[in-house]
Amino acid sequence: MNHSKKLGFKIPKNYFKNSKKEILENIISDNQKSTSYQQYKFYYLSMAAVFIGTLIFYNFPFNKQKLIKLDSNSPIISTVISGEEITDELIIEFYSESIFLNENNLYE
Amino acid sequence: MKEGALLKILKNPASKEKGFKLLVELYQERIYWMIRKMVLSHESANDVLQETYIRIFKGIENFKEKSKLSTWIYRIAYNESIRFLQKESKINKVELDSNDFDYSKKLFADSFFDADKLSLKFHQILSELTINQRNIFNMKYFDEYKFKEIASITDININTVKSTYYLVEKKIKKEIDESF
């Protein structure tokens, strides 16, 4: 190859010999880094899985079923039960009644 | 050593490192000169060479053998050089393909550049070419790659590669003849 002659490119003395050594050292250290990263990745993933598992376990309802309270006076529920059509009057009537009861602490 | 035999050694985890030593020995100089002509300075070429080998080492298991091993290796080196030049042009806020000033600046800043009159003329002509023209010319004229290989490495149509090369070759001959 006539790079040096025609293009004036030079290289340091013993460059290819030293560069080969450097390349192989880099590859080995990079390989070790990625191997240890893979090992740590496994531990991190395991820890995350245990954490998520714990959260699910302690929040699972089992027998502590939460009962959903349905207000049969609410216009949506009452119209579903009775089969009537929901109207603006029904909604206004329900909310004005709730406001009145809340203001006078008459709920419950 | 034949490519097939080298691939077998490289793809076996137990002998991968040994195979890689052989691969470095086989291709190191050729890859270096290809990169050097693209990035120009020795320091940059050395950095790109290191990066290229890391990519080869990491990617060898996924090499599908659709092309020759050597072509695959040169393509990695080529792409790595292009990536380097793109990064460099972003930093310097210049267009990748319009760096005549940068070309000369990079050459003369390099302590491993020592040109005579003819070399300088050569570089002056090369600096006036687009990156693709320059790469195609360098790969054919200096590195003696086949047109098919150049097309595969650069991902440019083979007919475009051929016509580009002949056009550039003619231009260079004419300019050199006129100057000397």
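User: How many Å separate the centres of domain 1 and domain 2 of chain B?
Analyst: The two centres are 22 Å apart, taken over C-alpha atoms. The domain bounds come from an automatic or database domain assignment. This is a predicted model: local features need pLDDT of at least 70, side-chain atom pairs count only at pLDDT 80 or more, and totals for chains, interfaces and linings use all residues. Residues are numbered from 1 along each chain as its sequence is written, while chains are lettered from A and ligands numbered from 1 in the order in which they are written.

User: Where do the domains run?
Analyst: In chain B, domain 1 covers 1–96 and domain 2 covers 115–180.

User: How many residues are in contact between them?
Analyst: 11 residues of domain 1 of chain B are in contact with nine of domain 2 of chain B. Contact means C-beta atoms, placed from the backbone, within 7 Å.

User: Which element gives the most to the domain 1 side?
Analyst: α2(B), with five residues. Helices here are DSSP runs (H or I, at least four residues), numbered from the N terminus.

User: New topic. What about the largest nonpolar core?
Analyst: That core has 37 residues. Ile31(B), Ile35(B) and Ala77(B) have the most contacts inside it. Such a core is a set of buried Ala, Val, Leu, Ile, Met, Phe, Trp, Tyr and Cys residues joined through C-beta atoms within 7 Å. Buried means 20 or more other C-beta atoms within 10 Å of a residue's own, with C-beta atoms placed from the backbone.

User: Which helix gives the most to this core?
Analyst: α2(B), with 10 residues.

User: And what does Ala77(B) touch?
Analyst: Leaving aside neighbours within four places in sequence, Ala77(B) is in contact with Ile31(B), Met34(B), Ile35(B) and Thr52(B).

Definitions and conventions
A residue is buried if 20 or more other C-beta atoms lie within 10 Å of its own, exposed if 12 or fewer, and partly exposed in between; C-beta atoms are placed from the backbone. Helices (H or I, at least four residues) and strands (E, at least two) are DSSP runs, numbered from the N terminus. Two residues are in contact if their C-beta atoms, placed from the backbone, lie within 7 Å.
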